[in-house]
Amino acid sequence: MASKNSLARPPLSVSSDVKPANKIRRQLLHVKRKRAKDAARRAERYAFKKEESKNPKLREERLKRNVPLTLERKRVWDEPDSDAEDGLGLSVDVERIKRQKQEDDKLNQPLEPSEQGLEESQDDLDDVDSMLASSSDDDNEKESSDEDDTDNDRGRRRPLIPSATERATSPSQSTKSTNLNLAPEALAAKFPSLFSSDTPKTPKVLITTSLHSTLHDEAKVLTTLFPNSVYIRRTAHRYSHQFSIREIASFASNRQYTALIILREDQKRPSGLDVVHLPKGPMFHFSISNWVEGKKLPGHGNPTDHWPELILNNFRTPLGLLTAHLFRTLFPPQPDLEGRQVVTLHNQRDYIFVRRHRYVFREKRETEKSVVGADGKEMKGAEGLRAGLQTLGPNFTLKLRRVDKGIQRASGQEWEWKGGMEKQRTKFQL
């Protein structure tokens, strides 16, 4: 007879599926299974790599499919109505609406007499051909098309809105430069000072802080970021008059200033940035996070007095275009290209990342790759060239909180747009 120990042991065929009672044996079994799984994956990966080396089209198809499904790819837009361009709270793509209107205008254009005659003759020929065809053939074609649709969609209608996977594999990029010429007419009529068709003036910016502030060094750093700007302290003396924002704005507008910037403070750190477009507004309220001065950045450079170039990225909605036009008024229209300085305002998920760099063009080294475009192919005209960047600082992140109609009052203010009302993570306002 078999002993009790031999009866308690499982057969060898199922030893891998049974959890051992010994802790050390469980650990060894886990390591063994993990190594076997990694070896199988490695063998599969190398086999697929060998097939891709023989057929390069397989690699291109794999790269098209393997697009990360980020929040930018899942972005949801509001339905473009007739007054979609008027509301600042609507998340609509202004460029897409303009393109659809242009296409509709082309389709609604009247045809020339020669084109009408050609279409009438083609319609007559189509009518003659349709008389020769039998009704049974038409019925068969309809049934076959219906069967194909049901087979492809498994008995379900194809939804009008593309799925998340289709949006992820679409060729449209989530980041693109802002086209400032797409200002909607209703938005330009509501804010004529920001969307004026005249030649933009050279900005003159007054920078100050909140009352009893200690951020004097940070405010002086902002004077190097915004060209032609001056910093004036707000007095903290207990017997002095505490000027309000409206009084400071009238003082600045009488002295030909074009903008007023107030740096807010919380626990001796920058917490907000208020921008007033003089003389009558609007007023924008931003919150500041991740403030890093230039001297704390590794490998930083020292900025010069040259007027920088301005890059605005990914401002696509009416509110985004309004914000982009505000920042455009803070920088001169004709920068000094000799200084090779550039200020970038990159919008991503309604967070505006502010960066300043100095660029230089140099010859490409042997160990470096060539410059490629969005399609992954080498750019023509840039062979043997590379662009180097040196950060100058400061680095910080802005988030738009409120847009006021005029200049802020102490008793309260009517606002054009207020943030924090959208609860959907995939819907962005800028």
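Modeller: Buried residues, those under 20% relative accessible area with a 1.4 Å probe and protein chains only, make up 30% of the 430 residues in the protein. This is a predicted model, in which local features need pLDDT of at least 70, side-chain atom pairs count only at pLDDT 80 or more, and totals for chains, interfaces and linings use all residues. Residues are numbered from 1 along each chain as its sequence is written, and side-chain values use heavy atoms, with hydrogens and water left out.

The structure holds two cavities of 30 Å³ or more, a cavity being a set of points on a 1 Å grid over the protein atoms alone where a 1.4 Å probe fits but cannot get out, with lining residues having an atom within 4 Å of a point. Grid points are joined across faces, edges and corners, and a volume is the space filled by probe spheres set on the points.

The largest cavity has a volume of about 80 Å³, and among its 11 lining residues E95, N179, L182, F315 and R316 lie nearest its centre. Its lining comprises four nonpolar, three polar and four charged residues, where Ala, Val, Leu, Ile, Met, Phe, Trp, Tyr, Cys and Pro count as nonpolar, Asp, Glu, Lys and Arg as charged, and the others, Gly among them, as polar.

The second largest cavity, with about 50 Å³ of space, is lined by L225, F226, L273, F327, F331, V343, L345, V354, F396 and L398. That lining divides into 10 nonpolar, no polar and no charged residues.

Conventions:
Buried < 20%, exposed > 50% of the residue type's maximum accessible area, 1.4 Å probe, protein only. 1 Å grid on protein atoms, 1.4 Å probe; cavity = no way out; pocket = protein on both sides within 12 Å on 5 of 7 lines; lining within 4 Å.
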